[in-house]
Amino acid sequence: MRRRSPLSILAASTALPVAACLLAGLAGCGTPASQPNAALPAGGSGATPSVTASPSSTLAVHIPADYHVDIELNPTGDPAQDTFLARTRDMLMAYEQAVSSNAPNDGLYQSLTTSFARGNLYSMISVFSQAGERPTGSVRFYRFTVKLTGKVADVFFCQDTSKVVPVSFKTGQRKGAAATGSSAFSWWDTAFKKNSGGAWAIVYASSLVGRESCMS
Amino acid sequence: MHVMRARTSRWVAAAALLAGIALTTGTATNAQADGGGPGGFWIATHVELSGSVWQGGGSPYAPVGWTPPKCWLELNSGYGVDPAYTPDGFAAYMAQVYAFYLHAQEDSIRNAFYAIYHEGQGVDAAVGLTNPPYNQGVGGGKWYAIACTPDAGYGDYAAVQASLGVANQYEEWFWLRDGAPPAGVPVIDPELLAEYAAANTKVTPGWPNFSPALNAVQTVNLPTLITNAAGTNGFKEYIAVATLPGILSSKVRADPESVTFTSSGPMSPSSVTCTFDAAGNMQPCQLTFLKSTPPDTSYTITESSMWKVTWDGDPGAGEPGWTRQIGPVVLPAVPVTVQEIQSIVGH
């Protein structure tokens, strides 16, 4: 469900947060627009910055051209569920932008999430920034499901990182091999809950590595 | 949770984060696999699964007639604080929590936790905080946290919070007096561990012995015999273990109960189920194809098996144990060719 867009970097970095907030009615959108994105690393033509946007979203993010993010969403026919899925997609793209730019405090993902979701994503992004790494290759998010429990909507899905290769953020030099076996597969939960204003907010996000059942 | 042990922790080593130490050991170490991180709030249990299990949850088998636990109360642990469930330990643990959220620039979360657990402000009775901060000096109890299986979501977590009678999302830890579990919310014990193991047990059956073999041509109206000696073709005993490190462990064993075969072509009976005895031997059974396959085509035959998972109980606690059922375990269909009997006429 993701494809590359030829949008300009300038347009992406200036218009994005506002558009995302307007479209999604996001909680937390009262915060300032995203911080300037960290400079992308040198490291050859493969690391030339590009802009990626999801087909049905105006969200535009900065992700290096040598890193492909595939988010396999299929419409459910239920408008509410489709909205949760679309917002999860946007959160993932914002997360990947922060990871790719080694920016744990990137304003985009922070504008799309609240509470524990922000803290957890910060923690996950910090793993990359502290290691001085960014991902290259391709990552795939798939098998999305939505589950309503009480006042919470959980969006579950798999992540396949078997084609993701870490490189040095500074030099672009390869820093390891792609994960193999079940270690390459993660299980995500993104949870939405209505805030005091009645708007659905992403309150929780987690990723557990080693989900064997995502391999089949 | 995390990083160090991809699936199991709840709060993590913020101290390492603050010290600038990259927590990149273990399975979720770097850009290879996203997951966890050096801090944050994670609902996943510390319980580890080993043996023949679906790592990371997601078992495709259904529990038959029973419901595995989703969330429970588990002794608080994490951040390298051991133990983290005593008042002093919990204080040290919470210091790490505060540090993480300050570092993450999430002051509102830090402040909410501090107000509840350090100051005792607006705390619900269910939390059990009678002597803030952290029930310092209070004996006869321990700090617990809600923990959930990988298959549970934040909604399940929130439901447990509601069951405990708290309305504040930041009330994440609960002081339980020893021997006084809260009503309606399970506290981890050997039986719960066994259920968790049973729900995640992985079995890998193959195909029993068919005569004629499945890859040979079958004959219309001639029985195909199905046999399987104990322990062969993947119809054996599997062991799964659930462990709360350093505290509790439970082991279950899964054994085949029955295996059922159906075909896309007509056969008699239309579905045949073969059962296993206590020694693991399959009782011989048979099926008969009733019609030949059209030229250049084949039928498919499908296998699905049911398994019984047994926990021997906890003699020390007087728990007798149980046997639960999981399944069906469905194998990919295989093609089978059937022909009419060929008459051989000699001269």
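**Exercise 1.** In this predicted model, determine the handedness of the disulfide between Cys158(A) and Cys214(A), and state where the two cysteines lie.

*Solution.*
1. The sulfur atoms of Cys158(A) and Cys214(A) are 2.1 Å apart, and a pair within 2.5 Å counts as a disulfide.
2. The torsion about the S-S bond is about -80 degrees, so the link is left-handed.
3. Cys158(A) sits in strand β6 (residues 152–168) of chain A, while Cys214(A) lies in the segment after β8 (200–209); the two are 56 residues apart.
4. Buried means under 20% relative accessible area. Cys158(A), at 1%, is therefore buried, and Cys214(A), at 2%, is buried too.

**Exercise 2.** Which pattern do the disulfides of chain B follow?

*Solution.*
1. One disulfide joins Cys71(B) to Cys148(B), with an S to S distance of 2.1 Å. It connects strand β3 (residues 71–75) with strand β4 (residues 141–148) of chain B.
2. Another joins Cys274(B) to Cys285(B), S to S 1.8 Å. Its ends are in strand β12 (residues 271–275) and strand β13 (residues 282–289) of chain B, 11 residues apart.
3. Counting bonded cysteines along the chain gives the pattern 1-2, 3-4.
4. As to handedness, the link of Cys71(B) and Cys148(B) is right-handed, with 105 degrees about the S-S bond; for Cys274(B) and Cys285(B) the torsion is about 80 degrees, so this disulfide is right-handed.

**Exercise 3.** Which residues of the largest nonpolar core touch the most other members?

*Solution.*
1. This core has 88 residues.
2. Met94(B), Phe113(B), Tyr117(B) and Tyr154(B) touch the most other members.
3. Helix α2 (residues 79–100) of chain A contributes the most to the core, nine residues.

Technical notes
Residues are numbered from 1 along each chain as its sequence is written. Chains are lettered from A and ligands numbered from 1 in the order in which they are written. This is a predicted model: local features need pLDDT of at least 70, side-chain atom pairs count only at pLDDT 80 or more; totals for chains, interfaces and linings use all residues. Side-chain values use heavy atoms; hydrogens and water are left out. A nonpolar core is a set of buried Ala, Val, Leu, Ile, Met, Phe, Trp, Tyr and Cys residues joined through side-chain atoms within 4.5 Å. Buried means under 20% relative accessible area, exposed over 50%, partly exposed in between (1.4 Å probe, protein chains only). Helices (H or I, at least four residues) and strands (E, at least two) are DSSP runs, numbered from the N terminus.
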